[in-house]
Amino acid sequence: MRTTQRRYSLLLRAVCKATAAVFILLPGPFPVSALPQASRSGDEEAVRALTERFGQAVAAGDLETMRQLWNPQSPNLASRLRVYQRLFSETRIEFTRMKVTPLEVTGDKAVSQLTTDERQLDKKTGLLVTERDLFHGSRRSLEWTKTASGWKIERESLLQDELAARLEEAVSEDQRRELLEKENALVTDVLVRSLTQRGDRYRIRGESDASLRCLQLAQAVAEKIGDELGIARVWVILGMLRVVQNDYEEALPFGQRALAIYEAAGNRLGVAVALSVLSHTYHMLGDFRHAFESASKSLRLAEELNNQRRIADALSELAHVYDFQNNYQQALAYFERELLIYKELGDTLQIAILQFGITDYREKLGHYDLALENHRDLLKQTEGFGDQAGAAIIRLSIAKIHAARGRYGEARDYYRQSLQAFEAANSKQAVVATLVPMSDSYLAEGKYSEALPLAERAVTLSRQNGWQLDLWLALTSLGYCQLGLNRPIEARQAFAEAVSIFETLRGQTAGGDEERQRYFEGGLRAHHGRLGLLVKESTPQEALAFAERTKARVLLDVLQQGRVSIQKAMTLEEREQERRLKSELTRLNTQLARATQSDQPDRLRLNELTPRVGKARLNYEAFQSSLYAAHPELKVHRGEASIIKAEELTALLSDTNSAVLEYVVTAEATYLFAVTKAKGQPATDVQLFTIPIKRAQLVQQTESFRQQLAGRDLGFRTSAHQLYDLLLKPAQALLRGKPGLVIVPDDKLWELPFQALLADDQRFLIESSAISYAPSLTVLREMQRNRRSSEAATSILLALGNPAIGQETIELAETVLRDGKLSPLPEAEQEVRALGRIYGSPRSKVYIGAEAREDRVKTEAGQARILHFATHGTLNNAAPMYSHLVLAQGNKNDDGLLEAWELMALDLKADLAVLSACETARGRFGAGEGMIGLTWALFVAGVPTTVVSQWKVESASTRDLMVSFHGGLISPPRVGKAKATKTEALRQAALKLLKSPETSHPFYWAGFVLVGDGR
């Protein structure tokens, strides 16, 4: 307003000067001279030329020329140059029309206007940086002062910006209408932009009412002039404003309307922007699937347009989806890609924000020391800038690191400081994000009364604002508070609602099976709380049914609903992209394998290749996930799985000689369900036992025992007795006379060789029971239901052994283990040759050496009833779906590493797969989902039974065990006896080694386990 008044005063002075000139022309004592008029005409030409020069400098991004045009004494100079410096660092202005319009000179003052049609282009790529191709009638006002060195700019402004301010200040609609009529020349799409930008600035500052007022004005002007793109932009910002106000349901239609306009206009950049905003909105609603789809589409468009900032926005949204699905490695990879973009752009603010986020992910991945050091440095910098909100966020992260290390008192000091700052800023969601972990820190110390009010407040705030994700976490904490305070009714209500929310959110995960599995294993705390309550209520049948809801749910989805074939839906372009990604992965895998095989590995080369392989894997995983966004027809049906019922347990225990032991490991205790069937009884009996051991202690004991066996430690017996007493003795009486035992492990118990535990009579468990393992009883039921007829297979056996790997002259190690050192395996060759003789040549295929190729498995495995791999195996704990079997390289498209994710993609009809390699039973054990790795991949591929190893096995004893096992499978039953099951055949093969003095140590016979349907 003041600027406009100042310009009007200059014009008034010009009118007065003109009036005075009239009187001067009258006869009088003074001579009339033509010099003032000539002088004024010359000044006008000079100002006009300088105005044009200013416009040219703007178009050229010539900051120095602009500086020279300004009066160095002007108080406006520094701020305007900063504005243009920021603008020119990223963009350049292109004028399609430039005209110097009304120009007034009055003495040593002048006002000129520069009217342009213009577009904003990316400085590096020359591409549009806004969704609008051209802005029309942009009018800059320049106020000039005549100095000793000529005319200089005193002030510069955009008239549409000033009109936007006056429209906002107007007290009535009539005033606004009068302003728009009076300043009709300024009512263009530039005015819409000015009002929209003004509203967006208010939104960022948290001034919602002012933001809404400006955006409504922008919409009214856009509708008045028929500016559809302006309307779409307003709706984008209105959607973002609703998100800031935590009104996500209201935000969604705004983003959808904007998207529809941009799509109708064929405006790809606008579509990318709208999709990015929609992704964030879906994310906040907990709909990760639609969030991922929207961000993936936005990313593709932004990459096609080579718009770096839009690429960065989409990467950020994808990273946050992966974060909430507990895929921290992939989230970190996306944030690091985003960071590289902002480093190229030189955006220091975004760089600082991303460095903080990346540090948070390092903390989530367990790199506590580095994360803590980085956060402390960032905290000092942030406090130095006086950024209280930023400091509060960093303190919250520091608090979580202390809590993860068990330093709860230190953690709460930081939580309190963050909470005070968030409350002062009225940042409600940040308050909830602090209250929940703060409550959990009290729960960890058993201080339930102190934890309760924090959880209750978090629940109230989350419920008021409709935050489902936060409500799930807050209700879980509240349930544990009530459970600790012995309020079962209140605890049950809280846990039930939390579980219900989780199950709903679970159905909205993005990507394929692996992403759902990661999300599932990260959210079982509420389930475990509800289970603990059922245990207290002594309802074993109900507790078992609920325990099954916590196990192998993603695998169950696949078995019940079938797999989705991604390959069939792929376009030619996507197939080419997949080929490139696979080719890169194959090339790097081959280089890494060669570097590893060398007798003297080049450590520098390995250090260089390893992260490149990791990056290539993440790129391929991201591509696979993106296909679900690109192809809506691939959406997996994610309805409620049919959990096994009490009456169905009877079918699993077909006779009274079998028993089931199912374990659930929680932070504070482990629960054991023993399912048996008594003679003469039609129904099964379920007994429930609570094993008073914390998860951390159980993990330590289990790993210590496994290491003892893997290292052939002769002092293993004490540990074997202790673990038997802990895990089996509670149900010992129920197991008498039960030679068939199905074990459903959980968590770290997936790595425990139960068969090697010692009972009181000094006998190993395997001596009294044939043992099989299952991910869950419900999964076992599905495996039995889906068991395919052997007629579907055209051959009995496909066996591969001792593949030719690299140089054939690699010397045989003195003690050959089937491990990562890829030495030849002559015993493996003998093993598969013997299997060929056992099953007979007509319907058996046995490949060794150079013929044991990866491509052969991919083309022939689908026709075999039994698969057998006698080769090296490599475990990848960090990325279990890249655990692999080593085979011969068939062609340039294969690297010879048959990885778990490749197995999972096959359509197999085998009844049995045997992985006669090292540690093939291992992988990442996810809470609830079970062991994720080669076994999991084979289940998904359709194989109901696998035999795998739990440690690095010895080659000769493995050969003997495998030959005995297969021999037992085809041996005719003894008179009066049923044919041996797979489980019994494996047991007899192990007992044969146990009875030999040379192989009596469990290292030789206890390493292999049968997982799945043991019949």
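Me: Is T945 buried or exposed?
Reply: This is a predicted model. In it, T945 has a relative accessible area of 0%. Buried means under 20%, so T945 counts as buried.

Me: Where does T945 sit in the chain's elements?
Reply: T945 belongs to strand β19, which covers residues 945–949.

Me: And what does the side chain of T945 reach?
Reply: The backbone oxygen of D1013, at 2.5 Å.

Me: Which residues does T945 touch, leaving out those up to four places away in sequence?
Reply: D1013 is one of them.

Me: New topic, cavities. How many are there of 30 Å³ or more?
Reply: The count is four.

Me: What volume does the second largest cavity have?
Reply: About 90 Å³.

Me: Which residues line the second largest cavity?
Reply: The lining consists of Q755, I766, I771, Y773, T983, L986, R987, A990, W1005, F1008, V1009 and L1010.

Me: Which of them gives the largest share?
Reply: α40, with four residues.

Me: How do the lining residues divide into nonpolar, polar and charged?
Reply: Nine are nonpolar, two are polar and one is charged.

Key. Residues are numbered from 1 along each chain as its sequence is written. This is a predicted model: local features need pLDDT of at least 70, side-chain atom pairs count only at pLDDT 80 or more; totals for chains, interfaces and linings use all residues. Side-chain values use heavy atoms; hydrogens and water are left out. On a 1 Å grid over the protein atoms alone, a cavity is a set of points where a 1.4 Å probe fits but cannot get out, and a pocket is an open set with protein on both sides within 12 Å along at least five of seven lines; lining residues have an atom within 4 Å of a point. Grid points are joined across faces, edges and corners, and a volume is the space filled by probe spheres set on the points. Helices (H or I, at least four residues) and strands (E, at least two) are DSSP runs, numbered from the N terminus. Ala, Val, Leu, Ile, Met, Phe, Trp, Tyr, Cys and Pro count as nonpolar, Asp, Glu, Lys and Arg as charged, and the others, Gly among them, as polar. Buried means under 20% relative accessible area, exposed over 50%, partly exposed in between (1.4 Å probe, protein chains only). A polar contact is a pair of N or O atoms within 3.5 Å; within protein, one must be able to donate a hydrogen and the other to accept it, and residues adjacent in sequence count only if both atoms are side-chain atoms. Contact means heavy atoms within 4.5 Å.
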